[in-house]
Amino acid sequence: MAPKQLSVVKALTLASMCRLMGCSSTGDQLLLISRALSSQESIRRAKVLMVGAGGIGCELLKNLALSGFEDIHIIDMDTIEVSNLNRQFLFRQAHVGQSKANVARDAVLRFRPNINITPYHDNVKDSHFDVDFFKQFNVVLNGLDNLDARRHVNRLCLAAEVPLVESGTTGFLGQVTVHIKGKTECYECHPKPAPKKYPVCTITSTPSKFIHCIVWAKELLFAKLFGDKTQDNDLNVHSSDASSSSENSEDVFERKKDEDIEDYGRRIFDHVFGYNIELALSKGDTWKNCSRPRPIYSKDTFPGKSIKHNGNINKNVSTDDTSSVSAMASLGIRSPQDVWSLMENSKVFIEALKLFFSRREKDIGSLTFDKDDQLAVEFVTAAANIRASSFGIPLHSIFEAKGIAGNIVHAVATTNAIIAGLIVIEAIKVLQNETENYRMTYCLEYPNRNMLLMPVEPYQSNKSCYVCSKMPLSLEVNTHRSKLRDFVEKIVEAKLGMHSPIIMHGSALLYEVGDDLEEDMVANYAANLEKVLYDLPSQVAGGTTLTVEDMQQELVCSVNIKHRDEFDEEKEPDGMVLDGWSQPPVEKREENCTVSNAGTSNSSGRVSKSYVGVEIIGVEEESEAVTPMKRKLPAIIGHGQDAAVTPMKRKLPAIIGHGQDAAASPAGSSIPPDTDNHGEVQVVDEDDDMVMLDGVPEVFDGDSSTYKKRKLV
């Protein structure tokens, strides 16, 4: 059908809709038709940037293509994992190991061949994705899973003055928020605690934190060896050339008949820590911007075949009591606080596997990880530490590992689909410049007043935000004791989220990061890092103002220095306190809440257990805690056209504290809490669909007695 004919058909359809909507006059009908055609034209001409092609991204790309968008760019650094296939519907088994951005593009072009989709298999934080790159787009749509990347995109959008539509989901909870410079709050106007949830696709590809190794050991390796063997698992996916060989075509995790248990254990060890690492190293592009792991083989960690038992596992242990079976006891390892060496971890790995097959063989095939199962914790700790050693990540004690291991929040495909649809709706409003119609929309787990979607008006920008309002920060620090390195690592990188910082005192350059620096400059800056602030070439003391700038993000912050002699080691472990940057509150959970199937707050005002503790992260990575707080929200009374809006008080969980991917949610409605993002961690089972939500910011204006109201639409 020709474009002119198509326009006529659309006009006729719209005319019919006008009559159904009660637009009786010709003028009303023509006005509605004109607006619809104008909207379609703005969609067709728009140039859109998508960041993330995972759970939300797949649905979003499909929606954009089917909604008439014709120029779409996608950035995603991840490759497709087996575990993505149950909800990232643009991908198939044959795509495992390939670029998400490239495969998503090819899949959509099969049913929309005449549109332009440009994929980038890259990290959005790479230097070539700078402000000039972002300026070419009409709107940016985020589907990220970590705080660091979200903050980075937020700053680039502010500098480029390009509207940003943020999103995130965790389980049945989700949210979409709109951020436009000068019209709404920016993503960082309110604290985004570091999430405790991590996507599995990151965990299986390039782990950078110990939690990644824990999740890999628990959800992949433990499940493959001792759980349901019929389930798909990334551990035995081979490259196309290796899969054809007889050596690798069989399931290496299957124990051969009459195979010695220790020989079997060593074979598994060599496969997952040796062969699989070598296979990963063969993918050169993956390692161009990160450290290469080293393969580890059992013959290198403990060459002898048999493991000597310094303890006695059979002493005082009933043969029927499997709960007390312990590799640590068998090997004579006592203290759970000690960090095991690589050799000790290897011995615990083999010993735990032997005990599972000799003492708990009847359970194999149906086991799932339980943090109260001592042998399971020992196996997961040892496996995680060996993997951590391979990737250059610090090892942890079994006590620490047990505390880190958290529950997986599984992704829900329908939540991703709902959120992706809402993203497109908000993007169209942005393109039409319908400022008064922008909404932050929360997807709830349970209906609240017959509503599963709760839209609220976006906040105005926070006047004390150091990112969009340029408010100076204040740092209390002992200038005679703290080094410049402490300032860079604990403040500039960890709290301000800068990747390529420049630090200046007046016109004196104290520190700079860049690939084009001369060797003598690099040496000079390295020397400055080890000096205390007071001894720097340009002395930093109380009353000094430092200027911190990130050239890529085009962000400049002023930090006023206040000298302070002493700090509380427990409450102020960094030895410095940053004011003007909001530290998320300490985790506080309500234990005596009333359980409600609908997830609503009870008459006493306590929050129901159905959503207390739900951590929807809107950031990259690290720790976040949930704490209840009050906010005034309108409540829907009645049904249909007779529904009325009336304000009522509810308690809301606020997400605190890294990456990911959180949103604050109205109590009783399971609205996502506030997160991005980082402390102890709960793990998310995938990528951006398990994204940590970030969303509703704090409701107080600095005075706990003053509540902000949001208008419910």
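At 47% relative accessibility, Asn433 counts as partly exposed, a class that lies between buried (under 20% relative accessible area) and exposed (over 50%), with a 1.4 Å probe and protein chains only. Asn433 is placed in the loop between H16 and strand S8 (440-448), and its phi is near 60°, a positive value in a residue other than glycine. Most residues other than glycine have a negative phi. Arg449, in the loop between S8 and strand S9 (451-456), also has a positive phi, of about 55°, although it is not a glycine. Arg449 is partly exposed, with a relative accessible area of 43%.

The model is predicted: local features need pLDDT of at least 70 and side-chain atom pairs count only at pLDDT 80 or more, while totals for chains, interfaces and linings use all residues. Residues are numbered from 1 along each chain as its sequence is written, and side-chain values use heavy atoms, with hydrogens and water left out.

The chain has 18 helices and 18 strands, taken as DSSP runs numbered from the N terminus (helices H or I, at least four residues; strands E, at least two). Of its 713 residues, 53% count as buried. The accessible surface is about 31100 Å², of which 49% belongs to carbon and sulfur atoms; the areas come from the Shrake-Rupley method with a 1.4 Å probe.

Helix H3 (residues 55-66) packs against helix H16 (residues 413-431) and against helix H4 (residues 100-109). Axes are lines fitted to C-alpha atoms over the stretch in contact, and angles run from 0 to 180 degrees between N-to-C directions.

| Helix pair | Angle | Axis separation |
|---|---|---|
| H3 and H16 | about 50° | 8 Å |
| H3 and H4 | about 35° | 10 Å |

H3 passes H16 in a right-handed crossing, in which the near helix is turned clockwise from the far one by less than a right angle. On the H3 side, Gly55, Ile56, Glu59, Leu60, Asn63 and Leu64 meet residues of H16 including Asn416, Ala417, Ile419 and Val424, contact meaning heavy atoms within 4.5 Å. By class, this contact of H3 with H16 has eight nonpolar, four polar and one charged residues; Glu counts as charged, and Gly is among the polar ones.

H3 also passes H4 in a right-handed crossing. Leu61, Lys62 and Ala65 of H3 make the contact with Ala104, Arg105 and Val108 of H4. These residues divide into four nonpolar, no polar and two charged.
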